[in-house]
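Thanks for asking me to look through this one with you. Here are my notes, written so that you can follow them with the structure open beside you.

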Amino acid sequence: MVREQIHLARVRDSVFYIPGEKDQNSGKPVSFKLISDKQNHFVFKNNDHDFQQRIIYRFVNKDSVVARIEGLLN
């Protein structure tokens, strides 16, 4: 089972999604900047990450969310 901690952080006028998995990326967190937040649909992006570059959450109703990752492998 894969477990990771996820943090949301505000830095000045931006919001970042920061997942952390101790067995990946040398244990260092990777930041994804919030680029869209429309109608219960949130898109976070980091073009410099090896995979994934986009993380997308869409809240379907009060207790359901659809998550998707997108990106190109090196």
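The points below go from the whole chain down to single residues.

1. Start with what kind of model you have: this is a predicted one. The chain has 74 residues, and 23% of them count as buried. The accessible surface comes to about 6200 Å², with 48% of that belonging to carbon and sulfur atoms.

2. Strand E1 (residues 5-11) pairs with E2 in the antiparallel sense over 7 bridges. The two strands make a hairpin with 2 residues between them, and Arg 12 in the turn has a positive phi of about 55°. Within this pairing, Leu 8 has Tyr 17 of E2 as its bridge partner.

3. On to the next pairing: E2 and E3 are also antiparallel partners, over 2 bridges. Here Tyr 17 stands opposite Phe 32 in E3, while Phe 16 has Lys 33 in E3 as its bridge partner.

4. Is Tyr 17 buried or exposed? With a relative accessible area of 5%, Tyr 17 is buried, because the cut-off for that label is under 20%. Its strand is mostly covered too: 5 of the 7 residues of E2 are buried.

5. Then come the rings. Searching the whole structure gives 4 aromatic pairs. One of them joins Tyr 17 and Phe 32 edge-to-face, at 6.4 Å centre to centre and with 75° between the planes. Tyr 17 belongs to strand E2 (residues 14-20) and Phe 32 to strand E3 (residues 32-38), so this pair ties together parts that are 15 residues apart in sequence. Both Tyr 17 and Phe 32 are buried.

6. Tyr 17 has another ring partner, Tyr 57. Their ring centres are 5.9 Å apart and their planes are at 45°, so this pair counts as tilted. Tyr 57 sits in strand E5 (residues 54-61), and the pair links distant parts of the chain, 40 residues apart. Which residues do the ring pairs link into a cluster? The members are Tyr 17, Phe 32, Phe 44 and Tyr 57.

7. Finally, find Gln 53, in the loop between strand E4 (41-45) and E5. Although it lies in a loop, Gln 53 counts as buried, at 11% relative accessibility. Its side chain reaches the backbone nitrogen of Leu 72 at 2.6 Å. Leaving aside neighbours within four places in sequence, Gln 53 is in contact with several residues, including Phe 32, Phe 44, Glu 70 and Gly 71.

8. One last number concerns the chain as a whole. Among contacts with a separation of 6 or more, 5% are between residues 24 or more positions apart.

Note on methods:
Residues numbered from 1 in each chain as written. Predicted model: local features only at pLDDT ≥ 70, side-chain atom pairs only at ≥ 80, totals over all residues. Heavy atoms only, no water. Phe/Tyr/Trp six-rings, centres within 6.5 Å; stacked < 30°, edge-to-face > 60°. Helix = DSSP H or I, 4+ residues; strand = E, 2+ residues; numbered from the N terminus. Buried < 20%, exposed > 50% of the residue type's maximum accessible area, 1.4 Å probe, protein only. Contact = heavy atoms within 4.5 Å. Areas by Shrake-Rupley, 256 points an atom, 1.4 Å probe, with all protein chains shown as cover. Polar contact = N/O pair within 3.5 Å; in protein donor to acceptor, adjacent residues only side chain to side chain. Pairing = 2+ DSSP bridges.
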